[in-house]
Amino acid sequence: LSCKEEIKKVDSTTEVSTEEIAANLKSIEVEIEGMTCEIGCARLIQSKLSKVDGVTYTKVSFESGKGQFTFDSNKLSKEDIEKNINKIAGGDLYSVKNIKELDAIIEIVNDN
C-alpha cells in the first residue's frame, strides 16, 4: 500500500511531483467499555472508525467488548484511535480501557 501526493504548480510551466510514501500499517486490539448492544454500539463504533483517514480495517465485537483496528501509523497513532472511540456519541458512552498491539497485520482480503 502506498499514498501518493501530487503537487501541481500552474503558471507558465507546469510541474508535477509525485512522492511515494509507503504505508506503515499497525494493528491493535482495544477493550471498549460502554457498549450495550451489537447494532447500536459495536456497529456504530466500527462504522465511525472505518471513515477515519488512515484506518484500513475495523472489527468491533459486542460479545467480547473489543475492537480490532489496522491503521497507517504515518497518519494516525493508537492514541488517535482511542480519542476517536472516546468521542463517539458526544464522548459520554464509550471508553477505551486497554490497547494491545498485535503482531500480525489484519486486513480485508478481496478476491476480485
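What you have open is a predicted model, in which local features need pLDDT of at least 70 and side-chain atom pairs count only at pLDDT 80 or more, whereas totals for chains, interfaces and linings use all residues. Residues are numbered from 1 along each chain as its sequence is written, and side-chain values use heavy atoms, with hydrogens and water left out.

**Around Ser 61.** The side chain of Ser 61 also reaches the backbone nitrogen of Ser 64, at 3.2 Å. Ser 61 belongs to strand S4; helices (H or I, at least four residues) and strands (E, at least two) are DSSP runs, numbered from the N terminus. Leaving out residues up to four places away in sequence, Ser 61 touches Met 35, Glu 38, Ala 42 and Lys 66, where contact means heavy atoms within 4.5 Å.

Next, select S4 and S5, which run antiparallel and are joined by six bridges; two strands count as paired if DSSP finds at least two bridges between them. Val 55 has Phe 71 of S5 as its bridge partner, and Thr 58 has Phe 69. Four residues lie between the strands of this hairpin, in which Gly 65 takes a positive phi near 70°. Widening the view shows an open sheet of four strands in the order S4-S5-S3-S6, with antiparallel pairing. Its edge strands are S4 and S6 (95-102), each of which pairs on one side only.

Is Glu 29 buried or exposed? Glu 29 is buried, with a relative accessible area of 15%, since buried means under 20% relative accessible area, exposed over 50%, and partly exposed in between (1.4 Å probe, protein chains only). The side chains of Glu 29 and Gln 68 are joined by a polar contact of 3.2 Å, and among the other residues that Glu 29 touches are Lys 66, Asn 98 and Leu 102.

**The core.** Finally, select Ile 45, Phe 69, Ile 81 and Ile 85, the residues with the most contacts inside the largest nonpolar core, which has 19 residues; such a core is a set of buried Ala, Val, Leu, Ile, Met, Phe, Trp, Tyr and Cys residues joined through side-chain atoms within 4.5 Å. S3 (25-33), H1 (38-50), S4 (55-61), S5 (66-72) and H2 (78-86) each supply at least two of its residues, and H1 gives the most, with four. Leaving aside neighbours within four places in sequence, Ile 45 is in contact with residues including Ile 32, Val 60, Phe 69, Ile 85 and Tyr 94.

As a last stop, select Cys 37 and Cys 41. A search of the whole structure finds zero disulfides, a disulfide being a pair of cysteine sulfur atoms within 2.5 Å. For Cys 37, the nearest cysteine sulfur is that of Cys 41, 4.1 Å away. Cys 37 counts as partly exposed at 29% relative accessibility, whereas Cys 41 is buried, with a relative accessible area of 6%.

Key
Polar contact = N/O pair within 3.5 Å; in protein donor to acceptor, adjacent residues only side chain to side chain.
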